[in-house]
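Subject: Structure handover

Hello,

Here is the structure I said I would pass on. My notes on it follow below.

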Amino acid sequence: VEEVLLNRAEARVRKSNPDVSGALNDLNAILEYRYENFSPLSLAMFSGSVPLVLERIIDERRYELCYEGFRWFDLKRLKIRIGHDNNGVTVYLDGDDLRYVVQIPDKELSVNELMEANPR
C-alpha cells in the first residue's frame, strides 16, 4: 500500500498543475501509520516549494521501501548521482552513466544475431 501511495503522491506533484495537498495527504497517511505522535506535514513546512515536497516524497520512498529492491530503479529513473567508497577514494556514478544499464546475457545475444549488446 505504501508504494502505491508514494507513487500517487509523486504523480500528483509532477503534474503540470501540481496537487500538492493531495500528495501531502498521501504522504501523511504513511507517516501517520509509522509514527505515534505525528504532526501532519503541510505546504507551509516546505515554504510553498513544490520541488521540496517532491524531494521529501523521494526521501520517503527510500526509507519506506528500504531493502525491497526499489532504490536501484529510483536511482536510474531519477538519474541520481551516487558515490561509492573504494579504499578511501570516493568513486561517483552519474545518473546517466552507462554502468547503470543492465547487460543482455551473451547466451541471449548469441541466439538472435539482430540483437545488440547494451552500450557500456
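Which residue forms a salt bridge with Arg34? The partner is Glu60, and the closest N and O atoms of the two are 2.9 Å apart. This pair links distant parts of the chain, since Arg34 sits in helix α2 and Glu60 in helix α3 (residues 50-64), 26 residues apart. Please keep in mind that this is a predicted model. Arg34 has a relative accessibility of 29%, so it counts as partly exposed. Glu60 is at 3% and therefore counts as buried, the cut-off for that being under 20%.

Other salt bridges

In total, the count comes to 12 salt bridges. One of them is formed by Arg8 and Asp26, whose closest N and O atoms are 2.7 Å apart. Arg8 belongs to helix α1 and Asp26 to helix α2, so this pair ties together parts that are 18 residues apart in sequence. Asp26 is buried, because its relative accessible area is 4%. Arg8, at 40% relative accessibility, counts as partly exposed.

The side chains of Arg99 and Asp97 also meet in a salt bridge, with 2.7 Å from N to O. Arg99 is partly exposed, with a relative accessible area of 49%. There is a network as well: Glu10, Arg14, Arg61, Asp74 and Arg77 are joined into one by salt bridges that share partners. As background, side chains of opposite charge can pair when their charged atoms come close.

Helices α1 and α2

Two packed helices are described by the angle between their axes and the distance between the axes. For helix α1 (residues 2-14) and helix α2 (residues 20-34), the axes come within 7 Å and cross at roughly 155 degrees. Angles over 145 degrees count as roughly antiparallel, and α1 and α2 are therefore roughly antiparallel to each other. Their crossing is left-handed.

A nonpolar surface patch

What forms a nonpolar patch on the surface? Trp72, Phe73 and Val102 do, and together they have about 320 Å² of accessible area. Phe73 is found in helix α4 (residues 71-78). With a relative accessible area of 52%, Phe73 is exposed, because the cut-off for that is over 50%.

Regards

Methods:
Residues are numbered from 1 along each chain as its sequence is written. This is a predicted model: local features need pLDDT of at least 70, side-chain atom pairs count only at pLDDT 80 or more; totals for chains, interfaces and linings use all residues. Side-chain values use heavy atoms; hydrogens and water are left out. Patches are made of residues with over 30% relative accessible area and no salt bridge: like charges are joined within 9 Å, nonpolar side chains (Val, Leu, Ile, Met, Phe, Trp, Tyr) within 5 Å. Accessible areas come from the Shrake-Rupley method with a 1.4 Å probe; for residues, only the protein chains shown count as cover. A salt bridge is a side-chain nitrogen of Lys or Arg within 4 Å of a carboxyl oxygen of Asp or Glu. Helices (H or I, at least four residues) and strands (E, at least two) are DSSP runs, numbered from the N terminus. Buried means under 20% relative accessible area, exposed over 50%, partly exposed in between (1.4 Å probe, protein chains only). Axes are lines fitted to C-alpha atoms, for helices over the stretch in contact, and angles run from 0 to 180 degrees between N-to-C directions. Angles under 35 degrees count as roughly parallel, over 145 as roughly antiparallel, 65 to 115 as roughly perpendicular and the rest as oblique. A crossing is left-handed if the near helix is turned anticlockwise from the far one by less than a right angle, and right-handed if clockwise.
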